[in-house]
Amino acid sequence: MSELNRIAILGASGRMGKYLIEATLATPGLVLGAAIERPGSSLVGVDAGDLIGAGTQGVKIVDNLADVVEDFDILIDFTRPEVTLQALGLCVQANKRIVIGTTGFNAAGLAMIDDAALKIPVVFAPNMSVGVTLTLKLLKMAADVLNEGFDIEVVEAHHRHKVDAPSGTALRMAEVVADTLGRDLKTCAVYGREGNTGERDPNTIGFATIRAGDIVGDHTVMFAGVGERVEITHKASSRMTFAKGAMRACTWLACQPNGLYDMQDVLGLS
Ligand SMILES: NC(=O)C1=CN([C@@H]2O[C@H](COP(=O)(O)OP(=O)(O)OC[C@H]3O[C@@H](n4cnc5c(N)ncnc54)[C@H](O)[C@@H]3O)[C@@H](O)[C@H]2O)C=CC1
Ligand SMILES: O=C(O)C1=N[C@H](C(=O)O)C[C@H](O)C1
């Protein structure tokens with residue numbers, strides 16, 4: 001077992017943050033070292049264990065990552081891109097490892113993550129579930145076979161609080177399909193349709209986004225031909241699924257050299 005087992009959770013009281021605290025406490029070999037929330041949060045000063053009803057753990061939520069930099073080896077980040085990028089700078093400075101689950105980065109943000117991974121080990125995945133990681137493999141297989149005469153559409157549904165669209169997972173699924181077909185997602189993506197759109201361009205990959213209620217996260221990639229249709233669907237019904245994936249990522253990352261990794265690497269599917 002690696003000695004690099006102290007975990008810090010950025011965004012500790014968020015929808016994911018609370019599951020990440022629970023999963024860290026429940027994972028053999030991992031220790032909760034720190035919990036961080038945004039400045040101004042009413043939960044700063046509250047014990048992370050008390051926050052989730054797991055009993056006092058002696059880890060108070062703080063509002064500044066720099067204050068707890070000596071207390072962790074691996075940072076788990078499920079926040080917002082601007083928060084992630086600031087934390088990433090600190091991880092590079094302090095030589096800490098990071099698992100990034102946050103989605104919604106622009107090209108500049110993605111380049112910063114690439115750059116940081118030259119200096120520290122980074123796992124970056126828009127979806128940490130085993131099911132979605134497998135689904136990416138299935139999509140490659142489907143696109144290899146259904147490579148002509150099939151229209152590709154990605155449909156995703158999430159809860160009403162989600163702030164980015166399409167989801168990071170939907171984008172990654174479409175990237176896998178586009179790469180397999182030799183297309184560039186930047187030029188072939190169609191993000192929603194309205195009005196007199198004309199007939200569908202067969203070279204496009206379409207996206208449809210639903211935001212409603214408390215949907216944890218549903219993704220379907222449709223390969224629609226004439227006379228038949230293949231749909232590959234993943235539905236998450238608990239955020240603990242993602243949190244457990246993040247734990248596997250931490251345990252795996254503790255033993256890796258500098259580099260950028262995803263969940264396929266973590267699960268040995270790459
Ligand atoms: N990769 C994956 O498997 C998954 C990724 N996500 C992504 O994770 C991100 C977070 O999702 P949710 O937990 O639903 O959002 P959320 O809004 O519930 O949680 C974000 C938390 O970050 C906190 N925060 C904001 N600024 C901060 C700062 N400066 N320092 C520390 N904490 C700060 C917020 O107060 C909030 O508690 C999203 O980008 C989402 O798409 C969500 C689920 C699974
Ligand atoms: O915001 C969420 O909730 C989720 N976000 C991720 C994404 O954008 O793909 C993963 C998951 O679907 C839940």
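Visitor: How far apart are the centres of domain 1 and domain 2?
Guide: In this predicted model, the centres of domain 1 and domain 2 are separated by 28 Å, taken over C-alpha atoms.

Visitor: And which residues belong to which domain?
Guide: The domain assignment puts 5-128 and 239-267 in domain 1, and 150-225 in domain 2.

Visitor: How many residues are in contact between domain 1 and domain 2?
Guide: Five residues of domain 1 are in contact with seven residues of domain 2. On the domain 1 side, the touching residues are one nonpolar, three polar and one charged.

Visitor: What does UniProt put on this chain?
Guide: An unreviewed UniProt entry annotates residues 6-128 as "domain: Dihydrodipicolinate reductase N-terminal". The unreviewed entry also has "domain: Dihydrodipicolinate reductase C-terminal", covering residues 131-267.

Visitor: How much helix and strand is in residues 6-128?
Guide: Residues 6-128 are 33% helix and 20% strand, with the end C-alpha atoms 20 Å apart.

Visitor: Then what about residues 131-267?
Guide: That span is 37% helix and 27% strand, and its end C-alpha atoms lie 11 Å apart.

Visitor: Switching to sheets. What is the order of the open sheet of seven strands?
Guide: The order is β3-β2-β1-β4-β5-β6-β12, and the pairing is parallel. β3 and β12 (259-261) stand at the edges with a single partner strand each, so one side of each has no neighbour in the sheet.

Visitor: How many bridges pair β1 with β2?
Guide: Five bridges pair strand β1 (residues 6-10) with strand β2 (residues 31-36), in the parallel sense. Within that pairing, Ala8 stands opposite Ala34 in β2.

Visitor: What do β1, α1 and β2 make together?
Guide: They make a right-handed β-α-β unit. Its helix, α1, covers residues 15-26.

Visitor: And out towards β3, what is the bridge partner of Ala35?
Guide: Ala35 has Ile61 in β3 as its bridge partner. β2 and strand β3 (residues 61-62) are parallel and share two bridges.

Visitor: What about β4 and β5?
Guide: Strand β4 (residues 74-77) pairs with strand β5 (residues 97-100) in the parallel sense over four bridges.

Visitor: Where is Asn95 found?
Guide: Asn95 is in the loop between α3 (81-94) and β5. Its phi is positive, about 55 degrees, although it is not a glycine. Most residues other than glycine have a negative phi.

Visitor: Now ligand 1. Which residues come nearest?
Guide: Gly11, Gly14, Met16, Arg38 and Gly101 come nearest, out of 25 residues around ligand 1. Helix α1 gives the most to that shell, with three residues.

Visitor: How do the residues of the shell around ligand 1 divide?
Guide: There are nine nonpolar, 12 polar and four charged residues in the shell around ligand 1.

Visitor: Which residues surround ligand 2?
Guide: Ligand 2 is surrounded by Thr103, Pro126, Asn127, His158, Lys162, Ser167, Gly168, Thr169 and Gly217. By type, the shell around ligand 2 has one nonpolar, seven polar and one charged residue.

Visitor: Which domains does the shell around ligand 2 draw from?
Guide: Domain 1 and domain 2 each supply at least three residues to the shell around ligand 2.

Visitor: Is the peptide bond from Ala165 to Pro166 cis or trans?
Guide: The bond from Ala165 to Pro166 is cis, with omega near -10 degrees. Most peptide bonds are trans. Pro166 has its place in the loop between β7 and α6 (168-181).

Visitor: What does β7 pair with?
Guide: Strand β7 (residues 151-158) pairs with strand β10 (residues 217-224) in the antiparallel sense, over seven bridges. Ala157 stands opposite Asp218 in β10. Seven bridges also join β7 to strand β9 (residues 205-211), and that pair runs parallel. There, Glu156 is opposite Thr209 in β9.

Visitor: Then what do β10 and β11 form?
Guide: β10 and β11 form a hairpin with four residues between them. In its turn, Gly227 has a positive phi of about 100 degrees. Eight bridges join β10 to strand β11 (residues 229-236), which run antiparallel.

Visitor: Which residue stands opposite Gly217?
Guide: Ala236 in β11 stands opposite Gly217.

Terms used
Residues are numbered from 1 along each chain as its sequence is written. Chains are lettered from A and ligands numbered from 1 in the order in which they are written. This is a predicted model: local features need pLDDT of at least 70, side-chain atom pairs count only at pLDDT 80 or more; totals for chains, interfaces and linings use all residues. Domain bounds come from an automatic or database domain assignment. Two residues are in contact if their C-beta atoms, placed from the backbone, lie within 7 Å. Ala, Val, Leu, Ile, Met, Phe, Trp, Tyr, Cys and Pro count as nonpolar, Asp, Glu, Lys and Arg as charged, and the others, Gly among them, as polar. Two strands pair if DSSP finds at least two bridges between them. A residue is near a molecule or strand if its C-beta atom, placed from the backbone, lies within 6 Å of it. UniProt positions are given in the numbering used here, feature names are shortened, and annotations may be inferred rather than shown by experiment. A crossover is right-handed if, with the strands pointing away from the viewer, the path from the first strand over the helix to the second runs clockwise.
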